[in-house]
Each structure stands twice: as C-alpha cells, then as structure tokens.
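Good morning, everyone. Let's walk through one structure together.

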Amino acid sequence: MIENLTLLEKAALLTGKTVWETHDLPRHGVRSIWLADGPHGVRKQTGAADHLGIAESQPATCFPTAAAVANTWDPELAEEVGRALGAEAAAQDVDVLLGPGLNIKRSPLGGRNFEYFSEDPLLAGRMAAGYVRGIQSAGVAACPKHYAANSQELRRMASDSVVDERTLREIYLTAFGIVVETARPRTIMSSYNLVNGTYAHEDPFLLGTVLRDEWGFDGAVISDWGGSNDVVAAAAAGGTLEMPAAGLDSARQLVAAVRDGRLAEADLDARAGEVLRLVADAREPGTAPAVDDAAHHALARRVAARSAVLLKNEDAILPLAAGTRVAVIGDFARTPRYQGAGSSAVNPTRLDSVLDVIGDSGLAMTSFAAGFRRNGAPDAALRAEAVEAARGADVALLFLGLDEIAESEGLDRSTLALHAAQTELLEAVHAANPRTVVVLAAGGVVEMPWLGSAQALVHGYLSGQAGAGALLDVLTGAANPAGRLAETVPVRLSDTPTADTFPGQQRTAEYREGLFVGYRYYTTAGVPVTFPFGFGLSYTSFAYSGLTATPDAATVTVTNTGAVAGSDVVQVYVRRETPGVHRPDRTLAGFARVELVPGESTTVTVPLGDAAFRHFDVGTGAWQVERGTWTVLAGANVADLTEKATVEVAGTVPPVAEDPVPVRYRTGDVRHVPDADFAALLGRPIPPAAWSGPLGVNDALGRMQTARSPLARLAYRVLALLRDRADRKGKPDLNILFLLNMPFRAIGKMTNGMVSAEMVDGIVRIVNGHFFAGAGATIRGFLRNRRANRETARQLRGDA
C-alpha cells in the first residue's frame with residue numbers, strides 16, 4: 001500500500017480529517033477510522049463536535065472514574081470494565097478509544113486526578129494494563145494517555161516539565177512501560193507539555209529511545225487534541241497522528257520537508273504505515289453485537305461498590321441494619337456528583353441518585369434536606385432544615401463532596417478543603433445527632449479537620465452512573481467495603497511534597513521533589529498523614545503471618561479473623577538496608593487481592609524479581625540493582641506492614657559508596673528545595689522559569705494580558721470575564737479555560753486548515769503590537785492557504 005501512495009497521500013494520513021476522524025483515501029480503499037474519548041465511558045459525538053465534553057454524545061455507560069477503580073487494586077476487575085468499554089465502543093463503531101489515563105498523581109491538586117489511577121506507578125500500570133487488555137479484546141484499539149510527565153492543567157499546552165532522568169524513568173514512565181510491555185496497546189497518546197525542553201509529541205527520547213526501542217512499541221502515537229507543535233519534527237521522532245484536524249497545511253509541510261531533505265521519506269513511510277495498520281486492524285463498521293445496557297449498569301454498580309473506601313467506622317456504626325431510620329442530608333444525594341468535567345464527560349444511559357434508590361436498600365428514610373448550596377454560598381435556612389431532620393432520625397446520612405468546578409480538565413484545584421458551608425453543616429448535624437455518617441463524593445483527596453464530627457466515613461470517589469446504589473450497598477452491608485486507597489490523604493496541603501512548586505506558574509514546572517511522590521515522601525520524611533496509601537477498613541478483620549521471601553517472590557498467609565466474608569489486598573513493599581544510592585524508605589513491589597470467608601486462611605505468593613529492587617542509573621544509562629541486604633515487608637497498607645523478612649540480593653552492581661546528591665534527597669526532606677540542590681539533582685543548570693520577550697507562537701493565549709497590543713489585552717479581559725462568570729455559576733466554561741491555556745500555534749491545529757502556520761505568525765505579530773504588518777501577513781496567508789487547500793484537496797481526490 002505504501003508503495004502505491006503519493007507523498008501527499010502519505011502525508012495526509014498523519015493528520016485528522018475532522019475532530020474525531022482520520023483521513024480516508026477512497027481511491028485506495030482506505031477508510032477513515034473514528035476515535036472517541038473513553039477513560040470511563042464512551043463519548044462518541046455526532047453532528048456538531050468538540051473535544052471538551054460540551055457537545056452532546058451518544059448515551060453510554062458511565063463507569064466509576066479511574067481514581068475510584070484504582071481503589072479496588074484489582075487488575076482483573078479493571079479488565080472486565082475494559083471489556084465493557086470495548087464492547088460499547090465497538091457497538092458505536094468507534095475504532096480507537098482514548099483511554100485509560102494513567103499519569104502519576106504528583107500533587108493532590110491535579111485537575112484531572114479523577115481520570116488517573118494512583119500516585120504509585122506499579123499500581124497505575126497494572127490497573128491500566130487491565131483496561132487495555134479488556135478494550136482491545138473487543139477489536140477496539142486502546143490509547144493510554146498522556147505520555148509523559150503531564151501533571152498539571154495550568155498552561156498544560158505549553159508548560160515544560162523539568163525533571164531529572166532517574167525520576168522521569170522510575171516515577172513517570174514506569175506505568176506506561178508496564179502497559180506497553182504487558183498489554184501491547186495499539187496506540188498511545190502523547191501529552192501537551194514539553195519534557196525537559198522538547199514537546200512530548202516530537203521528543204526522540206520519549207517516542208524513539210524509550211517507547212519504541214526499549215519497550216518495543218510498534219503502534220501509532222496520537223497527539224492530544226491540539227498538542228502537535230511541529231508535524232515534521234513529530235514524524236521524524238515517532239509521532240504518528242496529529243489531532244484533531246490540522247487541515248492540509250500540515251500535509252503540505254510534510255511533503256515539502258521530504259522534498260528538501262529535512263524529513264527522511266522512510267520516516268514518513270513508517271508513520272503512514274502505522275496509520276494504515278490501525279485502519280487494517282479495525283473492526284468493520286456495523287459488525288459488533290448490541291450492548292446489554294442493564295448488564296453494564298449492574299457491572300458499574302458492582303465496580304463502584306468495590307471501589308468505595310471505608311475510612312472510619314467508630315463503634316461499628318456501619319453496616320446499618322434493615323429498618324434503620326435515616327435522615328438523608330446533602331445536595332449530592334439528590335443530584336449526584338458521579339464524574340468529572342471535560343473530555344471524559346459521559347452521557348449516561350441512566351443515572352441513579354440516592355433518593356431514587358434508597359427505597360430498595362432496606363433503610364427507612366425519615367426525611368431529606370439539601371443542607372447546603374452546591375457552590376458553597378452560605379444558607380442558614382438550609383442548614384437549619386438539615387439539623388432538624390437529623391434530630392428525628394436514628395442516623396444522619398450526610399452526603400458531602402467537591403462541586404463540579406473543583407475538579408475539571410483545564411483547571412487545577414486551588415485547595416484541598418471542602419466548602420465551609422459543608423463542614424459547618426457537618427458540625428451542626430453532629431451536634432444534633434452524634435450518629436452521623438459521612439459519604440464523600442470527590443475525584444481525589446480532601447483535608448479532613450472535621451473528621452471528629454463523623455462517626456463513620458465512606459469515600460465513594462466519583463462512582464459513575466450506578467454509584468448511588470453501590471454506596472447504599474456498602475452502608476447496609478450488602479457489599480462489604482473492599483476499597484483500599486490508591487493515594488495518600490495528607491493532613492493539610494502544606495504537608496505535601498509539592499506544596500511550594502505545584503502547579504508551575506510560568507513556563508516551567510519544576511519537579512524538585514524528585515522520587516519523593518506520595519507515600520514515598522511521607523514514609524521517608526516521617527510526615528504524619530490522615531490516611532496512608534493502601535488504607536481501607538472492612539466489616540471483618542484480617543491477620544497476616546508466616547512471611548517468607550526470596551529475591552524472586554514473597555509468600556504470606558492471610559486469615560479472615562472476623563465474622564463475615566470479606567476481601568483484602570495483600571501489599572508487599574521493599575526497603576534497602578545496605579547503604580547506597582538514594583531512594584525512598586519503601587516502595588510498592590507487588591500486591592494481590594484475596595477473598596476469604598470467616599476463619600479461612602490462604603497463602604499468597606507475590607512475584608518480585610529485579611523490577612522490585614532496581615533503580616535507573618543515569619551514569620550507565622541502564623536499570624541496575626544494588627547488591628546487598630533488603631527487607632521485604634507485607635501487610636494491609638504502607639503504614640501497617642506487620643510481616644518482615646530479610647533477603648540478600650545479588651544485584652547487578654555493588655552498593656554506591658557515596659551518593660553525590662544533596663542530603664535532602666537521601667532523607668526525603670524535599671518540601672523546600674533550593675535552586676542549588678535541584679540543579680545538582682538535574683545534573684545541569686535549571687532552565688529559566690519566567691516568560692520573557694515578545695509573545696511567540698508557543699505562548700498561551702492567557703499571556704495576552706501582558707501583550708503590547710491594546711486589542712490583545714482587551715481580548716484577554718473578555719476571556720477572563722467569561723471565565724469568572726462561569727465560575728460564579730458553579731460550572732467551569734471549558735471552552736474558555738481551553739483558550740486561556742492554548743498556545744497561539746494551536747489555533748492552526750484546531751481549525752481544520754482554516755488557519756495556516758503563516759497566519760498564526762501574523763496573529764502573533766498583531767498581539768505584539770505590529771498591527772499593520774501582522775494584519776497584512778495574516779490576510780496574505782489566508783489567501784494563499786485557501787488557494788493551497790483547494791489545490792491539495794484536488795490532488796488528494798486524484799483529479800486530472
């Protein structure tokens with residue numbers, strides 16, 4: 001096929017035809033394929049389309065988000081969800097499902113943390129691999145995202161992640177490596193950001209050295225929507241397809257680059273071949289079986305129940321017995337917060353609320369009170385009504401959480417606190433009825449200074465369309481809580497390792513904390529937390545005994561010592577005892593979920609191997625294992641490791657005699673890292689963080705507030721006013737957020753060829769105060785681009 005294509009036809013395959021479709025080549029019998037968002041539910045848009053979840057999409061099952069499913073620590077259940085996602089995608093003739101998301105939760109403030117699995121790369125990688133296997137079993141290509149070091153939403157399309165190679169390898173690339181090597185995804189999505197000065201979609205190190213050479217990936221690398229910077233550099237580096245629809249200007253750039261020797265035709269052939277293989281492997285449209293919506297809703301409910309984490313259960317107030325008289329309080333019980341905002345937003349096939357389904361739970365609802373305004377505005381009347389309702393019940397069920405504007409694509413969180421109106425309501429309700437149970441809806445963690453006012457706490461995360469019934473199953477004991485935290489709950493935001501540096505406010509995001517992300521930091525630096533990584537309670541109890549270990553595996557016995565059947569997660573960590581290269585106090589090395597009836601014991605073997613003990617050695621450019629003594633620890637969570645065993649590891653290198661990094665990286669004291677220490681970790685000077693000079697094509701439109709042109713500054717003020725108005729209404733305007741963070745060059749990448757690179761240069765000149773010269777360049781570019789588009793389209797049709 002490649003030999004029969006013209007240069008232009010090959011080039012056209014490397015850019016989208018529409019927001020969601022690739023180019024077809026009818027005279028060669030090459031059809032277009034359809035891509036759709038799908039981290040936790042298929043979002044196929046028809047008719048007017050956008051990429052931010054605003055336009056209507058076809059109904060699909062909204063499963064719990066990745067942040068919730070990660071709490072199951074169950075890759076097999078993740079694969080079951082993946083099979084359902086793949087089946088629904090196939091039924092809607094979707095060829096590539098854009099998900100799962102598996103970026104590491106560097107900070108609990110990350111705006112898209114609800115789409116991601118964990119702060120730990122092993123857990124994130126194994127869960128995501130389950131999704132990929134399940135999706136692809138239906139003949140649909142999975143697209144894990146966003147590769148790589150994509151941790152913040154602020155200036156996400158132009159931010160440069162500055163990170164040392166060891167941290168990049170061990171924390172931010174490891175999960176992707178697990179997925180590629182064990183699940184073989186057919187596509188992968190690159191991220192918007194730069195990594196150490198190079199855009200991810202055109203980075204030879206990320207796409208060539210690591211992804212293709214080391215991991216053996218042979219599929220298509222798809223840009224995030226609007227995330228392609230230089231289509232020629234991307235093709236040379238290993239970036240396959242730029243989306244959404246950059247138009248034929250990009251195709252002409254590729255043809256010109258081949259003709260003048262800037263791009264090897266072999267590279268263009270390789271990228272075009274990756275698209276053609278994707279098309280050839282796609283299921284024929286209209287051949288997938290129909291979906292059983294009811295069965296998928298039931299699966300969503302089962303997954304949500306397994307994902308919920310019981311964090312507190314004082315005096316065993318839970319489970320609630322049948323007939324318990326409960327006051328249901330909180331607006332989230334009436335209007336559930338079940339998914340995040342942005343490109344992952346699903347149009348659910350149905351949506352349960354607590355008020356809808358509580359009648360089937362066996363509980364006796366005495367009353368409902370909204371209790372608070374969702375946007376946090378104080379309302380004394382709503383609070384008084386809720387307090388009165390609580391007084392007349394056996395138990396007050398209080399449904400609290402984060403509102404829609406708190407967690408969204410395009411916007412990082414500014415705080416870990418709940419609205420004061422909610423916490424004040426909790427205190428008032430608890431004073432009226434101490435038997436108060438809190439059910440939390442949020443895509444991540446929150447500060448909990450109010451924990452003493454809750455006799456029990458269930459964190460349901462964002463639990464999907466069937467979450468209401470699932471949470472009632474947990475509250476009543478129809479489902480024994482089985483969730484274990486996939487992230488740490490800190491005491492306060494200032495305790496987090498990135499409190500000083502997240503999000504990066506200017507052109508760089510500096511990963512000064514290095515390896516010390518999440519529990520790696522808290523356990524090494526000895527910082528107290530509210531709930532540790534891996535924590536979760538049950539209605540039964542478990543005991544561990546008899547740990548034995550070798551460098552290849554750990555074996556431990558787990559016993560259900562309680563009165564009811566339950567599920568537990570055996571967690572195995574390793575710690576190096578011999579002095580050597582700096583590393584966290586303990587790291588997760590493996591895990592296994594067990595199901596046990598009362599009194600039952602089982603012996604679990606968790607594989608270890610070199611991956612459990614290795615580190616990336618920058619000097620040799622390879623993974624190494626230090627020879628020496630290691631401790632293997634097993635238990636219920638990272639802070640409760642009751643079983644220990646010592647192993648001698650032969651290793652590949654002797655222990656490092658003296659680690660040259662600053663002492664803070666040996667102790668985990670990384671909250672306030674000075675420039676000199678970060679530069680020593682990087683092994684090079686820190687790049688300038690501040691924006692400087694005239695605005696360029698890769699600067700965010702939000703920088704127009706500093707533009708020389710009064711017109712550009714006015715445009716910024718209009719955008720800012722629209723953003724603030726949406727914020728006051730309690731729902732983010734994703735279009736405005738996207739525009740404020742979008743680089744000028746993305747104007748050309750998002751308009752289906754209406755704006756060429758030449759026109760973008762003219763627009764930037766206008767913004768920098770050169771109105772007449774810029775306007776002239778823009779107009780000339782428009783006329784040339786229109787003529788060129790007509791001629792290019794004619795050539796692609798094969799017209800004489």
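One definition before we start. A residue counts as buried under 20% relative accessible area, and as exposed over 50%. Anything in between is partly exposed. Keep in mind that this is a predicted model.

Let's apply that right away. Find threonine 603, in strand E22, residues 601-607. Is threonine 603 buried or exposed? Its relative accessibility is 52%, so threonine 603 counts as exposed. That is over the 50% cut-off. Threonine 603 still has contacts from elsewhere in the sequence. Leaving out residues up to four places away, threonine 603 touches Thr555, Val556 and Thr557. Threonine 559 and threonine 603 are 44 residues apart in sequence. In space, their C-alpha atoms are 8.9 Å apart.

Go to E12, residues 395-401. How many of the seven residues of E12 are buried? Seven of the seven, so the strand is largely enclosed by the rest of the structure. Why speak of two sides here? In a regular strand, side chains alternate between the two faces of the sheet. In E12, both faces are covered. One side has Val395, Leu397, Phe399 and Gly401, and these are buried.

Who are the neighbours of E12? Strand E10, residues 325-329, runs parallel to E12, and four bridges join them. Alanine 327 stands opposite alanine 396 there. Strand E13, residues 436-441, also runs parallel to E12, joined by six bridges. In that pair, phenylalanine 399 has valine 439 as its bridge partner.

Helix H13, residues 420-432, makes a right-handed β-α-β unit with E12 and E13. Pick out glutamine 422 in H13. Its relative accessible area is 0%, so glutamine 422 is buried. What does glutamine 422 touch, beyond residues up to four places away in sequence? The contacts are Phe332, Phe372, Leu400 and Gly401.

On to strand E25, residues 628-635. Seven of its eight residues are buried, so E25 is largely enclosed by the rest of the structure. The pairing here is antiparallel. E25 pairs that way with strand E20, residues 566-576, over six bridges. Glutamine 571 has glycine 635 of E25 as its bridge partner. E25 also pairs in the antiparallel sense with strand E26, residues 643-649, over seven bridges. Leucine 633 stands opposite lysine 644 of E26.

Now a mixed case. Four strands form an open sheet, in the order E7-E6-E4-E16, with mixed pairing. Which are the edge strands? They are E7, residues 198-199, and E16, residues 508-510, since each pairs on one side only. E6, residues 194-195, pairs with E7 in the antiparallel sense over two bridges. Leucine 194 stands opposite tyrosine 199 there.

Last stop, the surface. Leu711, Leu714, Val718, Leu722, Phe771 and Phe772 form a nonpolar patch, with about 600 Å² of accessible area together. Helix H19, 710-729, and helix H23, 771-797, are the elements that give two or more residues to the patch. H19 gives the most, with four. Phenylalanine 772 is in H23. At 73% relative accessibility, phenylalanine 772 counts as exposed.

That's the tour. Thank you.

Conventions: Residues numbered from 1 in each chain as written. Predicted model: local features only at pLDDT ≥ 70, side-chain atom pairs only at ≥ 80, totals over all residues. Heavy atoms only, no water. Buried < 20%, exposed > 50% of the residue type's maximum accessible area, 1.4 Å probe, protein only. Pairing = 2+ DSSP bridges. Right-handed = clockwise from strand over helix to strand, strands pointing away. Patch = residues over 30% accessible without salt bridge, like charges linked within 9 Å, V, L, I, M, F, W, Y side chains within 5 Å. Areas by Shrake-Rupley, 256 points an atom, 1.4 Å probe, with all protein chains shown as cover. Salt bridge = Lys/Arg side-chain N within 4 Å of Asp/Glu carboxyl O. Contact = heavy atoms within 4.5 Å.
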